[in-house]
Amino acid sequence: MDKMPKWADVVLIPLISLILAALLSALVILGIGEDPIAAVKLMVSGALGSTYGWGYTLYYATNFLFTGLAVSVAFHARLFNIGGEGQAMLGGLGVALVCLYIPWPHWSLALIFASLGAALFGAAWAAIPAYLQAKRGSHIVITTIMFNFIAAAVLNYVLVNLLRPVGSMDPATARFPEAVHLPSLHELLAPLGIAFSKSAPANVSFVLAIVACFAVWLLIWRTKLGYEIRAYGNSEPGALYAGISPVKITMIAMLISGGLAGMMATNNVMGEAERLVLNSTEGAGFIGIAVALMGRSHPFGVFLAAILFGFLYQGGAELALWTSIPRELIVVIQALVILFTGALDNMVRVPLEKAFLALRREKA
Amino acid sequence: MTAPAIELKGISKAFGPVQANKDISIRVSPGTIHGIIGENGAGKSTLMSILYGFYKADKGEIWIHGKRTEIPDSQAAIAAGIGMVFQHFKLVENFTVLENIILGAEDGGLLKPSLSKARKTLQELAREYELNVDPDARIDEIGVGMQQRVEILKALYRQADILILDEPTGVLTPSEADQLFRILDRLRAEGKTIILITHKLREIMEYTDTVSVMRRGQMTATVKTAETNPEHLAELMVGRKVLLRVDKVPAAPGKPILEIENLNVVDEAGVARVKNLNLTVRAGEIVGIAGVAGNGQSELLEVLGGMREGQGTIRLNGNPLPLSGKGSDARARRASHVAHVPEDRQREGLIMDFHAWENVAFGYHHASEYQSGLLMNNAALRADTEAKMEKFDVRPPDPWLAAKNFSGGNQQKIVVAREIERNPDLLLIGQPTRGVDIGAIEFIHKQIVELRDQGKAVLLVSVELEEILSLSDRVAVMFDGMIMGERPADQTDEKELGLLMAGVAGEAA
């Protein structure tokens, strides 16, 4: 028998982990002499209290959705893709090239091809570690981490030496033409009579991220390829037995993963900055790991976790802005959430499983 | 009357909702061999783990030589004079025999005094029990039978006078097993008490003084071995009458289905596993490959099943099958109507976390009836699973249950149903009844014979000689990657096969 009901695994454990992380964070805030209740109020009102706050929360969530999905897909094949950061950076390059060098008549067409470009560049960046893993057995965790550094260096070189407009001192590309400007939620919701903040960066790529969620769900649970990915992830000897090629699945899962990570650039590069700058990913690739862990690699779980982390990002920024709680403490709070939901999973899981077993025995 | 060497009173142990042991009482007289027999999951191992201090009983008492004893850990068990020989040996491969024996029983910080003390003790033990081993040989250089002796010596060195052996003959050739039982006889004569856990009725009947039968966590009977018979014990184990013999008519072999010529397999470490092997399996016959585990049978099955590359020629219905590169994988094999029930169903044959219905497609997930457009037709798959579960009497018949939640026998029924229902020309089947309860063994054997009777070819690999002899029409014995000889199953016996399994070549077959 399963040790506990599914709802406990999917809902209860993350919830308890979150509460634990929140309590510990409250203690830390108390420790530096601030009021944790006031801090929570400020975070909630800052991140969810206005359409401006929501606009930022959803903007961050969009980034985390793409990188969280990326980690999830690889994870179903039991591949730990730590390289979302680098793949998203390269995705930015793909978006920039598509937007800068092709004259687009309309943003929708530009978005489709920019997504493709982003996915292509992200996938290409994931392809090398994938190949090394599949053919040479080089551990994907090590290689993807190293590829993050290489990506940063490559981007630095490209921006400084190749794409920087003549005369500019800034290591960034030129602004993308007006035609590829993606509609923000303000512009999208205005025809529906909903007044959404004008200055918030959330844009149409949030919709794209939701579509990606659904597509990943279909892929993993409804297609032959998803079946093979999950089978390989569960048992490599089993995959061999069933005629599933480990090399093929490793490559495909990582290409999809890298592609999804790359697509994040439609949000931060195309939707927000509208040009490619250095370090445009701001660590979203790493947050994706926490999001995937917390969401149990299920697209719906990833969706909820991404919103949560979006809230933490935006709420944290508000805290830093309005209180004397230092910026570093926000990072501590985010780290605590990652620690409890990701790394300390068993701390909550094991006692909970025991409790459910005891409960069942009493009933029996 | 002397106090029993071991007396258990009312031992109970539950794991969550599962009652592994329920109110078990047992008395074992000193200087006897006591057998404990039962199906997988009957609670034998749990009971012995309690005795050896791995688990703590929820209720009950342990008395050793008339004294109530608490055994909270294995240290306490050793102190109480209990020694355990596990099914999977716990030896350090690159240590010598002597080093393994003192491991964990060293006295003082320096090794040298312990080693020389152990050497002396070992010589005495060897004299006393005729347990000869070379103390300076490395474990990875000696055979399995010898390694088992080292395990026994380890226990004796720690002054055990109660020895528990868990399925000790699983990895031995028949002659090695005979030697083991001679040693056990000798130990019994010297006054040691031995508990023998096994599922082999023959060993119980031949070597034990008394036998306890376990079923579903309970001790159903304890009888004097001389006063019982195998049929009765089997009935006690299963709870109903079972057929111990496989019921089948003589085979009518037809044209060759599988022809293997000069097959060679080299494993990842560069070791030759199969050497110049030749074998033919005809339509309507079951060919059994006998042999001690690790003599190349697994690799042979894997090459035939497309899980491993090899060199040589394999023909199926006269058409050559690729042995490496394109078209040599398991998917291609299935396309050429080769079905494969793998040796290890939990690692290979099933995805343990998948639902039963997902496992029914495993390996056949490309089949057209499971597709609907770009997606998989999960509804069709579930309907198919329900049909197969009913036909093969899988319990519980719930397609949504994960594979890991079925018992060993029912897991195997799912695999066998999946492979046989594809109506293959050739069925490869490895260890069909390993970890499977007697009731399911009967059923699975019947399915295999039925497939044969439909004129299909079956290649069976099993380390259970009894199974090979009763199921096969022809037996080939593998030793060190080669076929030592082939015999019609009704013209050979365990003794002859045992010699072949040990590498003693018989007359050319």
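Helices, of at least four residues, and strands, of at least two, are DSSP runs numbered from the N terminus. The model shown in these views is predicted.

**View 1. Overall build of chain B.** In the predicted model, chain B holds 17 helices and 22 strands. Its radius of gyration is 25 Å, close to the 23 Å that the globule rule gives for 509 residues, so chain B is as compact as a globular protein of that length. The C-alpha trace of chain B spans about 70 × 50 × 45 Å along its principal axes. Buried residues make up 47% of the 509 in chain B. Among contacts in chain B with a separation of 6 or more, 67% come from residues 24 or more positions apart.

**View 2. Helix H1 of chain B and the residue that follows.** Helix H1 of chain B covers residues 44-51. Eight of its eight residues are buried, so the helix is largely enclosed by the rest of the structure. Buried here means that 20 or more other C-beta atoms lie within 10 Å of a residue's own. The buried residues are B:Lys44, B:Ser45, B:Thr46, B:Leu47, B:Met48, B:Ser49, B:Ile50 and B:Leu51. After H1(B) comes B:Gly53, with a positive phi near 85 degrees.

**View 3. Crossing of helices H4 and H11 in chain A.** Helix H4 (residues 84-101) and helix H11 (residues 246-263) of chain A have axes that come within 7 Å and cross at roughly 60 degrees. H4(A) and H11(A) are therefore oblique to each other. The crossing in which H4(A) passes H11(A) is right-handed. On the H4(A) side, the contact is made by A:Gly84, A:Gln87, A:Ala88, A:Leu90, A:Gly91 and A:Gly94. H11(A) contributes A:Gly258, A:Ala261, A:Gly262 and A:Met263. Sorted by class, this contact of H4(A) with H11(A) has six polar residues, four nonpolar and no charged ones.

**View 4. Contact between chains A and B.** Chain A gives 19 residues to the contact and chain B gives 23 residues. On the side of chain A that touches chain B, the elements giving two or more residues are helix H9 (224-234), helix H10 (236-241) and helix H16 (345-363). The residues on that side of chain A divide into nine nonpolar, six polar and four charged.

Technical notes
Residues numbered from 1 in each chain as written. Chains lettered and ligands numbered in written order. Predicted model: local features only at pLDDT ≥ 70, side-chain atom pairs only at ≥ 80, totals over all residues. Axes fitted to C-alpha atoms, helices over the stretch in contact; angles between N-to-C directions. Parallel < 35°, antiparallel > 145°, perpendicular 65-115°, else oblique. Left-handed = near helix turned anticlockwise from the far one by under 90°. Contact = placed C-beta atoms within 7 Å. Nonpolar A, V, L, I, M, F, W, Y, C, P; charged D, E, K, R; others polar. Buried ≥ 20, exposed ≤ 12 C-beta atoms within 10 Å, placed from the backbone. Rg over C-alpha atoms; globule rule 2.2 N^0.38 Å.
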